[in-house]
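Hi,

Here is the structure I promised to pass on. Have it open while you read, and my notes on it follow below.

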Amino acid sequence: MALRLPNVLSFLVYAYFCYKLVIEKAAVLSAPLLATSFLLFNPYVIDFFGVSRGYGLAMACLAGSVFFFLQTLQESESRSDLLKALIFSTFTVYANYSFITIILALHLAYLLHIYRRKSQRIFCKKRLKLFAWEGLALLPALVNILKLKRDGKLYFGGSNHVIEDTLFSVFHQTFQIHLFNAQNWIV
């Protein structure tokens, strides 16, 4: 039970950043209500905060990272916001290694947005220094991931194709009453 406590408490951090991302940035009240209810009351999301595997911690840190990256893009390239975004990104990866692809995508989106602005250089000195510090902080995680891969302890993918392994497993858990045989294909 005690091992679950950090994940349970991280829901408060997740809820705070969801509030900051959705409610405070919205111009109309109806859209954020739907988005907030989806982010906070989705049973699959809530379930991640009840297990002791780091998913809740990673989701809370990811929400913080997204928030601070958006703050960095909206303001005049605040160094402290970029630093906070990179710190939350690092915590996300250490909370759960499977979030590394999401963090890489978030970093790529940030750099592409900077590139499209054309008013700023994509590789300025302060940005390179911050990303280098993040890379150094993530080096032990990368070594550990490569060791897990070498030892055959990374489990991903399925035995069939993506429709059957991913979508049908979600449909099976969502629609547990089977009315007819081809129900998953129709859904």
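First, a word on surface: accessible areas here come from the Shrake-Rupley method with a 1.4 Å probe, and for residues only the protein chains shown count as cover. On that basis the accessible surface of the protein is about 12600 Å², and carbon and sulfur atoms own 69% of it.

Some ground rules before the details. This is a predicted model, so to speak of a local feature I need pLDDT of at least 70, and side-chain atom pairs count only at pLDDT 80 or more, while totals for chains, interfaces and linings use all residues. Numbering runs from 1 along each chain as its sequence is written, and side-chain values use heavy atoms, with hydrogens and water left out.

**Overall make-up**

The protein has nine helices and zero strands, counting helices (H or I, at least four residues) and strands (E, at least two) as DSSP runs numbered from the N terminus. Along the sequence that reads α-α-α-α-α-α-α-α-α. Of its 187 residues, 32% are buried; buried means under 20% relative accessible area, exposed means over 50%, and partly exposed is in between (1.4 Å probe, protein chains only). As for contacts (heavy atoms within 4.5 Å), take those with a separation of 6 or more: 64% of them come from residues 24 or more positions apart.

**The core**

By a nonpolar core I mean a set of buried Ala, Val, Leu, Ile, Met, Phe, Trp, Tyr and Cys residues joined through side-chain atoms within 4.5 Å. The largest one holds 30 residues, and Y14, F69 and Y110 have the most contacts inside it. Two or more residues each come from α1 (5-23), α4 (55-74), α5 (79-95), α6 (100-117) and α7 (125-150). Helix α4 supplies the largest share, ten residues.

S10 sits in helix α1 and counts as buried because its relative accessibility is 5%. Setting aside neighbours within four places in sequence, S10 is in contact with F49, G56, L57 and A60.

H107 belongs to helix α6 and, at 9% relative accessibility, is buried too. Its side chain makes a polar contact of 2.8 Å with the side chain of E134. A polar contact is a pair of N or O atoms within 3.5 Å; within protein, one must be able to donate a hydrogen and the other to accept it, and residues adjacent in sequence count only if both atoms are side-chain atoms. Beyond residues up to four places away in sequence, H107 touches F69, L86, S89, F131 and E134.

**On the surface**

There is a nonpolar patch made of W133, L136, L139, L142, V143 and L146, with about 630 Å² of accessible area together. Patches take residues with over 30% relative accessible area and no salt bridge; like charges are joined within 9 Å, and nonpolar side chains (Val, Leu, Ile, Met, Phe, Trp, Tyr) within 5 Å. One of its members, V143, lies in helix α7 and is exposed, since its relative accessible area is 51%.

K25 is in the loop between α1 and α2 (30-41). K25 counts as partly exposed at 39% relative accessibility. Apart from neighbours within four places in sequence, K25 is in contact with K20, F67, Q71 and Q74.

**Salt bridges**

Side chains of opposite charge can pair when their charged atoms come close. Taking a salt bridge as a side-chain nitrogen of Lys or Arg within 4 Å of a carboxyl oxygen of Asp or Glu, the count is two. D151 pairs with K147 (3.5 Å, N to O), and R150 also bridges to D151, with the closest N and O atoms 3.5 Å apart. That links K147, R150 and D151 in a network. D151 is partly exposed at 36% relative accessibility, K147 is partly exposed at 45%, and R150 is exposed at 63%.

Cheers
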